[in-house]
Amino acid sequence: MCAIVFVVFSFCWLYFFQADVLMMSQHVLSKGVTHYNPLVGAVLITLLLGVIQYVVYGVIHLTKRFHALTYLPSMLILGMLSSVNPIGADGIEVGFSWYTPILVIVCWWMLTRMGRLAQEVEYDKAFELFSQPMWINMLIMAFLMICVAWIGNSNAVLHYRMKVERCLLEGNIDGALKVGKKSLESDANLTMLRMYALARKGTMGESLFEYPVEANSSQMLPTDSLSTLMMYPVDSLYRFLGARPASRMTPMRYLQLLERRDSVPNPAVADYQLCGYLIDRQLDKFASEIERYYTINDSLPRHYREALTLYTHLRAHPVVVYHQTVMDVDYNNLRELEKKYPQLSERKGKVEEQYRNTYWYYYEYRK
């Protein structure tokens, strides 16, 4: 029973939860030379850890009530394999102190000695499924699984980020955009990846603020090393936009140089610049630049229409006046809703329920 629990847990942990982190680790350690296969990796690692447990059992021969303790070394290695964090664009670090495994092994050795003494005075009898020794072992296995989860990397944003990069490597743009879409957690690197995937789909102006944006324009591209890619080749991103930057520079400067070089504006470059203004809440700059790329009408991408509606209502003398019946009604409904709740925390919660996926919510409440 312990073996079944261990094999099922180890495979599921490696294949369904840690595959992308392990792929990133192997990519970094091998300098991109080798590629981690989630299925093969999960099977091989589980088999190897099973062999380690068998060797441990052969050495200490711990049976009966405390047999599950023979799985601790394998569980410890399983947790350590998945306890990594990225450093910059080409490094990783472990998420535990060097002395932690030593302390765990010392404590485990003491427990196994106690278990050996206990089994010498325990009656020899067949253990049934609902017997006390069986469930003592299952409780020990459950504790070991909790420890693996505690040691391993359970950072949701990092897992989203690595899974998005894996989808991009596989050319699965739609899959990349589905990763963590319903989650409120994000960071600058994940926002950068989502912006790139949206640019590849040509829907950045339509869908960017459906995701939590946790970045500014200086982090939306890796040109200034403020945001990084771990597995996806940065050259692929630059090739899509048109050129690799000659040196470190801000993303907006890079985009302006690309636009100056090309006689025909690249739609992706245009959307990056316009969304950069929106991320930084530079409505005046956005309004003065949008007519260079788009005709002001009802066919504008949704977030651009929202931004222009907001701009028109906020400025006494707007350089661009935009009115669209449905958009104006929605904006007025938003203002009426805000008036009902004078407390900021309550107001933010009510607005989020109805307007979370709009630029209006980002502009007012995503500080």
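**Helix packing, a loop residue and salt bridges**

The axes of helix H2 (residues 19-29) and helix H7 (residues 156-169) come within 8 Å and cross at roughly 70°. Axes are lines fitted to C-alpha atoms, for helices over the stretch in contact, and angles run from 0 to 180 degrees between N-to-C directions. H2 is therefore roughly perpendicular to H7. Angles of 65 to 115 degrees count as roughly perpendicular. Helices here are DSSP runs (H or I, at least four residues), numbered from the N terminus. Ala19, Asp20, Val21, Met23 and Met24 of H2 make the contact with His159, Met162, Lys163 and Arg166 of H7. Contact means heavy atoms within 4.5 Å. By class, five of these residues are nonpolar, one is polar and three are charged. Ala, Val, Leu, Ile, Met, Phe, Trp, Tyr, Cys and Pro count as nonpolar, Asp, Glu, Lys and Arg as charged, and the others, Gly among them, as polar.

The model is predicted: local features need pLDDT of at least 70, side-chain atom pairs count only at pLDDT 80 or more, and totals for chains, interfaces and linings use all residues. Residues are numbered from 1 along each chain as its sequence is written, and side-chain values use heavy atoms, with hydrogens and water left out.

Thr34 lies in the loop between H2 and helix H3 (38-60). Its relative accessible area is 38%, so Thr34 is partly exposed. Buried means under 20% relative accessible area, exposed over 50%, and partly exposed in between (1.4 Å probe, protein chains only). The side chain of Thr34 makes polar contacts with the side chains of Gln26 (3.1 Å) and Ser30 (3.0 Å). A polar contact is a pair of N or O atoms within 3.5 Å; within protein, one must be able to donate a hydrogen and the other to accept it, and residues adjacent in sequence count only if both atoms are side-chain atoms.

The whole structure holds 17 salt bridges. Each places a side-chain nitrogen of Lys or Arg within 4 Å of a carboxyl oxygen of Asp or Glu. In H7, Glu165 pairs with Arg161, four residues away, with the closest N and O atoms 4.0 Å apart. Glu165 is buried at 0% relative accessibility, and Arg161 is buried at 6%. Arg315 forms a salt bridge with Asp284 at 3.0 Å. Arg315 lies in the loop between helix H15 (302-314) and helix H16 (325-339), and Asp284 in helix H14 (residues 283-289), so the pair ties together parts 31 residues apart in sequence. Lys181, Glu206, Glu210, Arg302 and Glu306 are linked in a salt-bridge network.

Technical notes:
Helix = DSSP H or I, 4+ residues; strand = E, 2+ residues; numbered from the N terminus. Parallel < 35°, antiparallel > 145°, perpendicular 65-115°, else oblique.
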